[in-house]
Structures are given as structure tokens and as C-alpha cells.
Amino acid sequence: MSPDTATPASAGLARAILVGVDFGGSGHFDPTLDELALLAESAGDVAVARVIARRKAPDPALFVGSGKADEIKALVQGHQAEAVLFDQALSPAQQRNLEQHLGVAVADRTMLILEIFAARAQSHEGKLQVELAQLQYLSTRLVRRWSHLERQRGGIGNRGGPGEAQIELDRRMIGERIKAVKERLVKVKRQRRTQRKQRERNQTFRISIVGYANAGKSTLFNALVRARSYAADKLFATLDTTTRQFYLEDVGRSVSLSDTVGFIRDLPHKLVEAFEATLQEAADADLLLHVVDASSPVLQEQMAEVQRVLEEIGAADVPQVLVFNKFDKLEATQRPRNLIDTIELEAGLRVPRVFASALQGQGLDELRRIITEAVLGTLAERLNALESAPTVAAAGSDDEVAAQALRTGTQHFLA
């Protein structure tokens, strides 16, 4: 357990205790809880303490067991916390029992992500998709949280609006609302299908930017099309798909470039399902720019999670270019001499990789050339040339050290 220091800037935010449980290799476990802390920050909470528990299996009643629950309760009281956030999914009974035992609001990772999506969705379609995912989540637990309808201020510990206490959320009402939202989303999907057909008639080459949350997708999008989409150093800064025309001088034509929602570990299946209309942009693309945070210590897991979601939405076979973004954050010994190379994905498939810094503009010219070759249909020639190029780095040199450090970011694909 390690405390976090709340700064004056966190005044007015809900104070939260973060909890992670290590079940000994069954599923992903983050020993630092750093990503959960970022999620909490994105939801308007501030972490004041972190608790790590180790168990062979979840406790049926309290998930962490009565002893650890008592320890968390003492921390809640000592830090005057308003919420406890769990890095794993809780059952409805576990959540209810924990709230009664701890005396504060309890949320799991799924609920936290849904809260962030509810606060960030801007378009009519995005709001409908988030509402559907929230309703489907709530349908499994009888709790009175309609936080997507009204929210007085940020934070897990301060949910709800003036009339919420009078609303009786039973399964029948939720079921009726789910049906109504689904009907409205059918119309949205029909409109998107019409737009895609129009682009197909115009023979528009479609590119979608995908990647793990906070990898810098929106920053890259803005740098390529000189747009002003919102971009921030936080998880899920943008949710709604933005599409712009991107002019390629060497081709003398424009292509369609779309910035999509970021993926994250344990992204709720219902949320992926609800965002089907938006994520369809990636599945229907002619090329994917898979943006990776090259400075992340867990980039292997993040890349694997993106690949998993791409497979889930039917986009696994769409040609990819890996963009190792935030190149400027790498140590000098980790930077390769060439900004373009290839890496091997699953089943022996090799794809081009570009090292770039969307923020500083490094590698963007190389990325534009790769995109141009994809549009012209000559990317295969580039791949062959890269694979047959002689190795410049000598064993033990700085370039070889850098190459080895970067190769470790893709070893999970080579197993």
C-alpha cells in the first residue's frame, strides 16, 4: 500500500482509494496501478492511496476478503476518501457488499471506463453508444446510478443529479430504454452505411488511426491533416470518430483519414459492442495506422490488446502500418538510425514501422511516403527493399542496442 499526495489542484475532486488484486498469474495484473490512477484522473477523481492484495481466488462476498476489506475501510476513514476503485471487475453482489462494508461508493474498472466515456462523448451517436453500454451494465445490478443523465461535478464519489433519488431503476425500465436506444442506433448505422457507400462510389482511399489509449492518435491526426481535434495527455481524451480529407502531393489526390477511439486493457465487451458503428470505420478502412507509444514500458501488452480488439471488430486483416510515436521520449541509445523498418506480426506477416514524434513533427515525412506507397499499391516493393537492406548496426554498437531494445516491444508477436 502506498499513499498518493493530493495537490492543491485536486481540490474539489473525489478522493479515491485504488485497489488491485493479484490472483497469481490468472489474468493481467498491474502492480503499480498506474493505469487505474490515470483512469481515475480522467474520471475526475484523485488517488490518495493504493492497496495491493494477493489471493488465490476472489472472495465471493467481498472480493478481497474481510481482513483486507477492513484495512481498506481504515484507509477510507483515514484519508476521508469518497470512493474505492477496483482494477478488476466486481460482481453486483460484491459491489453491493463492499459499499455497505466500506460506507462509500465502490466502482470497478468497467464502471470507471463507462463513467469516462459518458463524460467525454460529444456527438449524438457517441452519447447513444455510451448510454447503451451503461444501461447494459446496469441491467446486471440493481443500483440507482443514472450518472449519464445528470452529473453535478466530476468524480466517482459525487455521482448523480437532483432528481436521481426519485427515479426507480428496475429491470423493466432499463429494458425499455435499451430497446429505444438500440432503435435509434440502427438509424445511425444506416446513415453511416450510406456515407461509406458514397465514399466507395467516389473511390476514396480510407485510412483509420487506431491504437492504445493515450498513444498520441489525435496528435498524429492533427499533425497530418492540420486539424484542431482535441488532444490531451490523458486516457480517452477523445471518443468520437473524426474524419478529414488528407491531401497527398505525390499522388495528387486526397484520402480519407479517421481518428478513432483509443483501446485499453479489459475494454468492456459491451462498450466495444455499443461502439460498433464507430469502430466500423476501422473495419472498413483500406489501411490502418496503428499508433504505439514507443516510450511505454508495457508497449508489448498494449499492442497485443489493440490486435485483440481489431480481431473482435473484424479489422484484423486490414493492412497496417505501425507508427511508433513519442519517439522524442526515447533515450538516445534507444533510437534507431533509420526511421523506417519492418516488424513481424502474427503468422509471419511483416508490416512497415515508422518511428515518429507527432508532437515535434519527426518522422511525418517518412509516414506520408509510406501512405503514398499504400495508395499507389507499391508498398509491397518498399517492404521487400527494407527486408533485403543490409544491416548497418554492428553487434554491441549503440544502434544494435537500440534495435534490440525496440525489438523487445514486438516479441509477443513472434512467439
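How many residues does helix α2 have, and what does it reach from its first C-alpha to its last? The points below take up this helix and then a sheet.

1. Basis of the note. The model is predicted, with local features needing pLDDT of at least 70 and side-chain atom pairs counting only at pLDDT 80 or more, while totals for chains, interfaces and linings use all residues. Residues are numbered from 1 along each chain as its sequence is written, and side-chain values use heavy atoms, with hydrogens and water left out.

2. Span of α2. Helix α2 (residues 66–79) has 14 residues and reaches 20 Å from its first C-alpha to its last, close to the expected 20 Å (1.5 Å times one less than the number of residues). Helices (H or I, at least four residues) and strands (E, at least two) are DSSP runs, numbered from the N terminus. After α2 comes Gln80, with a positive phi near 55°.

3. Faces of α2. Ala69, Ile72, Leu75 and Val76 are the buried residues of this helix (under 20% relative accessible area, with exposed over 50% and partly exposed in between; 1.4 Å probe, protein chains only). Viewed down the axis of α2, the buried residues fall within an arc of 115°, so they line one face of the helix; the arc is that of the directions from the helix axis to the C-beta atoms. Gln77 and Gly78, on the other side of α2, are exposed. Among the elements covering the buried residues are β2 (14–22), β3 (45–54), β4 (83–86) and α3 (92–102), where contact means heavy atoms within 4.5 Å.

4. Sheet order. Seven strands make up an open sheet with mixed pairing, in the order β7-β8-β6-β9-β10-β12-β11; two strands pair if DSSP finds at least two bridges between them. The edges are β7 and β11 (340–344), each with a single partner strand, so one side of each is left without a neighbour in the sheet. From one strand to the next, the twist averages 30°; axes are lines fitted to C-alpha atoms, for helices over the stretch in contact, and angles run from 0 to 180 degrees between N-to-C directions.

5. Pairing of β8. Strands β7 (residues 242–248) and β8 (residues 253–259) run antiparallel and are joined by seven bridges, with Ser254 in β8 as the bridge partner of Tyr247. The two form a hairpin with four residues between them, and Gly252 in the turn has a positive phi of about 75°. Strand β6 (residues 206–211) runs parallel to β8, with four bridges; Ile209 has Asp259 in β8 as its bridge partner.

6. Helix over the sheet. Helix α10 (residues 299–312) lies across β6, β9 (287–293), β10 (320–325) and β11, at about 155° to β9.
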